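Subject: Structure for you to look through

Dear colleague,

Please find the structure below, followed by my notes on what was found in it.

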Amino acid sequence: MNSVLGTAALSLGFAASVAATGWWVLGVRKPGLRRRARWMTVAMAVAAVAACGVLVLALVTHDFSVRYVAENGGRAVPLYYTVISLWAALEGSLLLWLLVLAGYAVLAMRYVHPRAALLHPWAMAVICGSAVFFFGLALFAGNAFDPMSPVPPDGPGPNPLLQDHPLMGAHPPLLYLGYVGLTVPFAYAVAALITGRTGRGWLVVTRRWTLAAWTFLTAGIMLGAWWSYEVLGWGGYWAWDPVENASILPWFTATALLHSVMVQERRATLRVWNLSLAAATFLLVILGTFLTRSGVVASVHAFSQSTIGPALLAFFGVVLVGVLGLLIWRSDRLGPVDRLDPGLSREAVFLGNNVILVGLAVTVLLGTVFPLLVEAVNGERVSVGAPYFNRMAIPLALAMLILMGVGPLVPWGIGDPRALGRRLAVPSALGMLTVAALGLSGLDGAAPLLTIGAGVFVLATIGDRVVTGWRATRLATGLGPLPAMWATLLRRRRLYGGLLTHAGVVLAAVAIAASSSYSIDAQETLAVGESFSVGGYTATLEGITPERTDRKMTISVQVAVEEGDRQLGVYQPALSFYPAAVQSIGTPSVRTGLIEDAYLLLASVDDDRTQATVRLIVSPLMLWLWVSGGVMVTGAAVAAWPDRRRRDPEPAGVSPAREEVRV
């Protein structure tokens, strides 16, 4: 029954999305037809909800007559992990994608900005057209509701890596909210090209959509890194894995889009740049989906080999050709009304920052795709490892950090280099003194020292900008110190939210530089009672404990950790053995501190269970990497928070009529 109901829901969703797309297109010239389009959009969303609900019901009730449940469900799997098995494999993940896409479609249909009313039907047609493709994939190429025969009495459960950490209930949905949310700015960019209204109207409505998607994507990436650190048992959090790279690529271009939008909001320029960034971001989402779901890359994050890869690649090609065709068609309406002033200005800094972000995206894209292209051409397997990415990405990231510090202190329009130099003197001195002090303390490595110094420089410029605004508020209002600070932050939420996000990026950069460059580790085989030391920590093996359940067999060790004369507690890294897994799954145990983490990993246990091989890694500033994600998300939320007192600024010196003069 669940197979029939689920397939029926997908069929309804496919038909409704086709009808919605058609009615939205027809509604461009006949507004009376938009009511039908709205009803079909709602029907599409209802179908997506129903399909997900039926599959969750089948998982929870252990209906092994459904192939997806037979392959990914299990009676011994706890309820929480049974429910999140919805996205544990390819077919179920498509349903989650559809659920998120349909939700965005309903929200985009509901909230229509007055300045984008003429673009709205076309944008909705693009969103619903995307739903047609993904409903088609879920129905014809990867149907989670295919019947299973013969029906097994039990299933293997989801991938063991997805069964032992609660972050898997949040990481994939947040990534999907980010990935799929980027469909909305793309849809409005296409609508702007179709209608020829390439001015700032489409940007006004899409800024918050882009910022919301960027926020979800940032949270998803950070939680994914945390999951990797807590579950995969290698002591790291980012390995330049192709699927990891696939998630960071649209993050780079979406970040660039958010910055260049601010330029076009004030100056009638960068039209082709912004439209191209919106399209490139969506294309990178599709490319990332292809890498994750086609089976062309081997990764712990990727799904197995499937038949949907060619369809995704074809969809990527259709979108790419369509966008290029629209850009060529509308090339006469993409030139700037205003040209950027030569010299020092915030516009120039933003443009430089965008070039760096796009450079980072291109660098990572080449390193990710090159091995696939080589294998496709001559059948040879080649790999591009961390040395390439570090060598190419670190200089660009350092340049981006420096521009992040300079940008907030540079005015819109032409700035005074001497005045800027005076404001940058103290932050620059603090950054250089930090590098010198760390070097004299014994730390080496140009890249990490420069990163930490650049981070101090950026934080100092952010502090300068906040203090300047606070002083201006006090002079203008006569408020006390704390009320003036609160009033300053409330009055310029977008500015200070952006600065808070920059501070989060700085924390992440410094934490990554420190943890990747200054971690130390050792591995020893110990008998009970024996110890070894790493970086001021002493680990003593106190016991070895096996445990068997219906789901797995686990061997854990009890390790007492001391720092000097201070007892930090007993930690229990473990190895778990699942019936469906070829290899054991390691579960590290981490002692997290403000300055550094002590990361314990059980490598192996001898057959007699009298000795265990334990690895201890001491990684500095790891806590601040996770804190940085919260800071970035909070800053983005503050920047997106609506301010009723604020009006959208008109481009400096340009009237709305003049901005659209070429439309």
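Buried means under 20% relative accessible area, exposed means over 50%, and partly exposed lies in between, with a 1.4 Å probe and protein chains only. Helices (H or I, at least four residues) and strands (E, at least two) are DSSP runs, numbered from the N terminus. This is a predicted model, in which local features need pLDDT of at least 70 and side-chain atom pairs count only at pLDDT 80 or more, while totals for chains, interfaces and linings use all residues. Residues are numbered from 1 along each chain as its sequence is written, and side-chain values use heavy atoms, with hydrogens and water left out.

Strands and their partners

Strand 2 (residues 531-534) has a covered face, made of Phe532 and Val534, and an uncovered one, made of Ser531 and Ser533. Strand 2 pairs with strand 3 (residues 537-548) in the antiparallel sense over 4 bridges, where two strands are said to pair if DSSP finds at least two bridges between them. Within this pair, phenylalanine 532 stands opposite alanine 539 in strand 3. The hairpin of strand 2 and strand 3 has 2 residues between the strands, and glycine 535 takes a positive phi near 50° there.

There is also an open sheet of 4 strands, in the order 1-10-9-8, with antiparallel pairing. Strand 1 (520-527) and strand 8 (589-592) stand at its edges, each with a single partner strand, so one side of each is left without a neighbour in the sheet. Neighbouring strands of this sheet are turned by 20° against each other on average, direction ignored; axes here are lines fitted to C-alpha atoms, for helices over the stretch in contact, and angles run from 0 to 180 degrees between N-to-C directions. Strand 9 (residues 596-605) and strand 10 pair in the antiparallel sense over 9 bridges, and leucine 602 stands opposite valine 614 in strand 10.

The axes of helix 8 (residues 183-195) and helix 12 (residues 309-329) come within 9 Å and cross at roughly 40°. Helix 8 and helix 12 are therefore oblique to each other, since angles under 35 degrees count as roughly parallel, over 145 as roughly antiparallel, 65 to 115 as roughly perpendicular and the rest as oblique. The contact (heavy atoms within 4.5 Å) is made by Phe186, Val190, Leu193 and Ile194 of helix 8, together with Val319, Val323, Leu326, Leu327 and Trp329 of helix 12.

Backbone points to check

Most residues other than glycine have a negative phi, and most peptide bonds are trans. Histidine 62, in the loop between helix 2 (34-60) and helix 3 (67-72), has a positive phi near 55°. Leucine 621, in the loop between strand 10 (611-620) and helix 19 (622-640), has a positive phi near 60°, and leucine 621 is partly exposed, with a relative accessible area of 23%. The peptide bond from serine 149 to proline 150 is cis, with omega near -5°, and proline 150 is found in the loop between helix 6 (120-141) and helix 7 (171-181).

A buried alanine

Alanine 58 has its place in helix 2 and counts as buried, at 0% relative accessibility. Leaving aside its neighbours within four places in sequence, alanine 58 is in contact with Asn2, Asp63, Val66 and Val69.
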